[in-house]
Amino acid sequence: MSGIPHSLFISDLHLCESRPQISRLFFDFLRTHARNAEALYILGDLFESWVGDDDETSLSRSVVEALRSLSDSGVAVYLMHGNRDFLLARPFADASGARLLADPTMMDLYGQPTLLMHGDTLCTDDTAYLAFRAQVRDPAWQVGFLAQPLAKRHVMAQQARNQSEQAKQGKTAAIMDVNQQAVIEILREYAYPRLIHGHTHRPARHLLQIDGHTCERWVLQDWYESGGYLRCDAAGCSAHSLTCPEPDPR
């Protein structure tokens, strides 16, 4: 760590074998920008899909090794579940040196009360998604799913992704975005903190006036085409974009 103490926030990387340029960007980010931070917070959807910690791939092993290297260097790594990787569990966290975060998590971030969320629970207009979320977050459902053979889990996960993509075709952008009243209610519940979340893929900084309080809401960038992170220190937060590195010619 060097310079002004700061923490970094990322989400919605959706790492998968079909987009190796994003994996390279992530590993480069861990070797460079993240090494200078006090902490890295991954606020959900690190992977495009996760069917259990027993499903080891070359990509998952590389991610574990890269996060462990960052953690061993002295950077605290925190991991929150998203809507794609909600089955990430203690074995993955222990191997990578990450600490699992509840959603939501309230923290003191350099003197500023800050609420961390993945963001999907704020999309209250998308009732079909919230019903699906309640099902797959149920411990009994998860036990039954993880008891299935690995190959069957992959098939079920692909079917769920296909259904999700089809469902999106019939939804408006407003339905898939956060509900403003839900945002107001969560900020009121936690005494008007700063809010940092991902999920919606609509990176922006919003200022809200709630009950005479000014609240800041940061939406993190997704990593589908490129990448980005939020840097926060005692002076505030700032968003930064990342460009995919050129592939190794070897």
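Trainee: What makes D28 partly exposed in this predicted model?

Mentor: D28 has 29% relative accessibility. Partly exposed runs between the buried limit, under 20%, and the exposed one, over 50%, so D28 with its 29% counts as partly exposed.

Trainee: And why is R31 called exposed?

Mentor: R31 comes in at 54%.

Trainee: What makes R68 and D72 a salt bridge?

Mentor: The N to O distance is 3.3 Å, and the limit is within 4 Å, so R68 and D72 pass too. They are 4 residues apart in helix α2, about one helical turn. D72 is exposed at 56%, while R68 is partly exposed at 30%.

Trainee: Why do you say that R84 and E48 tie parts of the chain together?

Mentor: Their side chains meet in a salt bridge at 2.8 Å, N to O. R84 lies in the loop between β3 and α3, and E48 in the loop between β2 and α2, so the pair links parts 36 residues apart in sequence. R84 and E48 are both buried.

Trainee: Which residues are linked in a network with them?

Mentor: E165 and K168 join E48 and R84 in a network of salt bridges.

How values were computed. Residues numbered from 1 in each chain as written. Predicted model: local features only at pLDDT ≥ 70, side-chain atom pairs only at ≥ 80, totals over all residues. Heavy atoms only, no water. Buried < 20%, exposed > 50% of the residue type's maximum accessible area, 1.4 Å probe, protein only. Helix = DSSP H or I, 4+ residues; strand = E, 2+ residues; numbered from the N terminus.
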